[in-house]
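Hi,

Here is the model I promised to pass on.

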Amino acid sequence: METRLSQRLTAVAAYVPQNARLLDIGSDHAYLPIYLVEQNRIHFAIAGEVVKGPYQSALSNVSSSALSDKIDVRLANGLAAFEAEDMIDTITICGMGGRLIAEILENGRAKLHSVQRLILQPNNREDDLRLWLAQNDFKIVDEEIMTENDKYYEIIIAEHGKKTLSVADLRFGPLLKQEKSNVFVSRWRNELVKLETAFTKIPEVNTSDRSAISQKIQAIKEVLNEN
Ligand code: SAM
């Protein structure tokens, strides 16, 4: 039986190059590598997991899909899951907070020189992750925003290269804010409504909170061209 992926992970899978040698960090059930191998998109992957429960479930899914010769399930923290001889060229890290993804990359920084492409799907704090990428000479080459089950997800694809990012680039995404897709506009309109509601509840004497929120509101209006 073929693995059915969430729309979120299907969107991530589209950015994995044909024949990539993939490390999926925080693989949980190993759905992403199993799907990619079943689709003949890749022929080798490591499913890395740091927690025993998800590691066991990845192991049993890979074995029941009869893919143990193509997918190595390893109990390891972040980039410790691979060695030079694995010739990993692509890393996916999905479904975690942006700060945790940045921390995982920071801890494995020394091993990133041989990796060509990072495909990252933070659940929050995308700005912190983009900052880490810019500060560590990774350039964002593609970005996507999508929605599933009433949640918004951003996918960030980065490769080695230099690119300075403005504060607005960090927050909204340098490519997403140019593209301004319908999903992007709807995400930030929602955020605007939340912030405007929050603003009305802050007492007038609390000038610093009011000014912080009004700056955020202004930045969103600017990016949406609604001021
Ligand atoms: N990547 C899958 C997805 O997007 O659906 C699973 C996401 S799940 C919420 C996050 C997984 O990352 C958990 O199984 C957790 O144990 C694992 N994880 C967290 N930190 C990790 C690390 N430093 N190294 C490897 N796995 C990690």
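Two housekeeping points. Residues are numbered from 1 along each chain as its sequence is written, and side-chain values use heavy atoms, with hydrogens and water left out. Please keep in mind that this is a predicted model: local features need pLDDT of at least 70, side-chain atom pairs count only at pLDDT 80 or more, and totals for chains, interfaces and linings use all residues.

Now the ligand site. I count a residue as near a molecule or strand if one of its heavy atoms lies within 4 Å of it. There are 16 residues around the ligand, and R8, G26, E49, N77 and G78 come nearest. Both α1 and β4 supply at least two residues each to this shell. Sorted by class, the shell has nine nonpolar, four polar and three charged residues. Here Ala, Val, Leu, Ile, Met, Phe, Trp, Tyr, Cys and Pro count as nonpolar, Asp, Glu, Lys and Arg as charged, and the others, Gly among them, as polar.

Which atoms of the ligand pair up with E49, V50 and C94? For E49, an N or O atom of the side chain is 2.4 Å from an oxygen atom of the ligand. For V50, a polar backbone atom lies 3.4 Å from a nitrogen atom of the ligand. For C94, a polar backbone atom is 3.1 Å from a nitrogen atom of the ligand. On its own the ligand has 600 Å² of accessible area, and the protein covers 78% of that. (Accessible areas come from the Shrake-Rupley method with a 1.4 Å probe; for residues, only the protein chains shown count as cover.)

On to the strands, starting with β2 (residues 44-49). Buried means under 20% relative accessible area, exposed over 50%, and partly exposed in between, with a 1.4 Å probe and protein chains only. Six of the six residues of β2 are buried, so the strand is largely enclosed by the rest of the structure. Both of its faces are covered, with F44, I46 and G48 on one side and A45, A47 and E49 on the other.

What sits beside β2? Two strands pair if DSSP finds at least two bridges between them. Strand β1 (residues 21-25) runs parallel to β2, joined by five bridges, and D24 stands opposite A47. Between these two strands the chain crosses through helix α2 (residues 31-38), and this β-α-β crossover is right-handed. By right-handed I mean that, with the strands pointing away from the viewer, the path from the first strand over the helix to the second runs clockwise. Strand β3 (residues 71-75) is also parallel to β2, again over five bridges, and V73 is the bridge partner of A47 there. The chain gets from β2 to β3 through helix α3 (residues 52-64), in another right-handed β-α-β crossover.

Strand β5 (residues 117-122) is mostly covered too, with six of its six residues buried. R117, I119 and Q121 point one way, while L118, L120 and P122 point the other. Its parallel partner is β4 (residues 90-96), over six bridges, with M96 opposite P122.

Finally, a few single residues. S27 lies in the loop between β1 and α2 and is buried, at a relative accessible area of 7%. Its side chain makes a polar contact of 2.6 Å with that of D24. (A polar contact is a pair of N or O atoms within 3.5 Å; within protein, one must be able to donate a hydrogen and the other to accept it, and residues adjacent in sequence count only if both atoms are side-chain atoms.) A81, in the loop between β3 and β4, is buried at 2%. R4, in the segment before α1 (7-13), is exposed at 80%.

Cheers

Definitions and conventions:
Helix = DSSP H or I, 4+ residues; strand = E, 2+ residues; numbered from the N terminus.
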